[in-house]
Amino acid sequence: MTNNFESKVAMVTGAASGIGLACTKQLLQKGASIAVADIDQSAITSLVKKLGDSFDSDRILPVQCDVSKRDSCENAVTQTVAHFGKLDILVNSAGISQRHIREGADFEESWDTVIAVNLKGSMLMSRSAAQAMKQNGASSGAIVNIGSIMSFVVYNESDGLSDGFNPYPHSKGAILQLTRDMAVHLAPHGIRVNSVCPGFVDTQLTDSLKNNPDLYNKLASRHPLGRFGTADEIAKVIVFLASDDASFVTGANWAVDGGYLAQ
Ligand SMILES: NC(=O)c1ccc[n+]([C@@H]2O[C@H](COP(=O)([O-])OP(=O)(O)OC[C@H]3O[C@@H](n4cnc5c(N)ncnc54)[C@H](O)[C@@H]3O)[C@@H](O)[C@H]2O)c1
């Protein structure tokens, strides 16, 4: 196994919480240097302080950025390369659901906002990162996008989570095509691109579902394994895909969903 990241530089977006945070910790444990990228400045500041207790702080770069903004993505990559000298790995974990949009927002504003973060954000950050990875010359690059079971199916009608116009499944369906398109066209540059499609996972993103235990339990029971996943379980697959152990895997979409899509 070469699942060793000691000479690697990674950027993780959405690094302050949930799946991005789990990836950040696992990559640090395996020796990578990390740009900890998130929109939430105060969360990054306290996270970086905490990580500094367990890991060499020279391997941690806090980067405040909004992935939905082109300049912000370009600056994040520029800062990372200026600090660490290169970029090998990008994990696009920043994401929101319709539940994050302000109460009373118009449906079009909600749709645009979710698409801007989940889809456009993954594209913008990947585009900037790929330019930096190409400059690594012969060394390999890896990008991992986060889709969802909602890349393949939609919310069950009886759950009341969509009226047919929920942008979340729309954004996650498109992640698959973004992944395939980038994989084919970045392969000649030695850059692999894959996506991971989680089932429901216990993170800040799904916290509000716990206010409705009946719905939470119903959603959990739709996974043949009978529960939500943990951020760590998703991160382990992301980290594998980012590693040189996955050197012949590109353009793939891996479900990590407790069997949700198998039925
Ligand atoms: N939790 C789930 O059930 C689940 C299931 C399938 C897919 N996913 C996907 O996994 C990814 C991570 O989700 P999570 O559950 O860890 O969520 P989370 O809410 O715990 O973490 C998301 C992080 O993204 C950051 N973020 C939000 N908007 C941003 C922006 N514009 N720019 C930069 N950072 C931003 C947040 O500040 C937060 O730290 C998302 O793409 C999500 O859609 C989650």
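**Note on the predicted model: a helix pair, a pocket and a cavity**

1. Helix pair, residues in contact. From α3, the residues R70, C73, E74, A76, V77 and V81 meet L124, M125, S128, A129 and A132 of α4. By class, this contact has eight nonpolar residues, one polar and two charged. The model is predicted, so treat the details below as computed from that prediction.

2. Helix pair, geometry. Helix α3 covers residues 70–84, and helix α4 covers residues 107–134. Their axes come within 9 Å. The crossing angle is roughly 35°. The crossing of α3 and α4 is right-handed.

3. Overall fold content and size. The protein chain has seven helices and nine strands. Its radius of gyration is 18 Å, close to the 18 Å that the globule rule gives for 263 residues, so the chain is as compact as a globular protein of that length. The C-alpha trace spans about 50 × 40 × 35 Å along its principal axes.

4. Largest pocket, extent. The volume of the largest pocket is about 790 Å³. Its lining takes in 39 residues. Nearest the pocket centre lie S93, A94, G95, I96 and L205.

5. Largest pocket, who contributes. Which elements give two or more residues to the lining? They are α1 (18–29), β2 (33–38) and α5 (167–186). The largest share is from α1, with three residues.

6. The lining divides into 19 nonpolar, 15 polar and five charged residues.

7. Rolling a probe the size of a water molecule over the atoms shows where empty space is left. How many cavities of 30 Å³ or more does a search of the whole structure find? The search finds one. The largest cavity has a volume of about 40 Å³.

8. Cavity lining. Around the largest cavity sit K8, D88, I89, S140, G141, A142, R192, A242 and D244. Four of these lining residues are charged, three are nonpolar and two are polar. The charged class includes K8, D88, R192 and D244.

Methods. Residues numbered from 1 in each chain as written. Predicted model: local features only at pLDDT ≥ 70, side-chain atom pairs only at ≥ 80, totals over all residues. Heavy atoms only, no water. Axes fitted to C-alpha atoms, helices over the stretch in contact; angles between N-to-C directions. Helix = DSSP H or I, 4+ residues; strand = E, 2+ residues; numbered from the N terminus. Left-handed = near helix turned anticlockwise from the far one by under 90°. Contact = heavy atoms within 4.5 Å. 1 Å grid on protein atoms, 1.4 Å probe; cavity = no way out; pocket = protein on both sides within 12 Å on 5 of 7 lines; lining within 4 Å. Points joined across faces, edges and corners; volume = space filled by probe spheres on them. Rg over C-alpha atoms; globule rule 2.2 N^0.38 Å.
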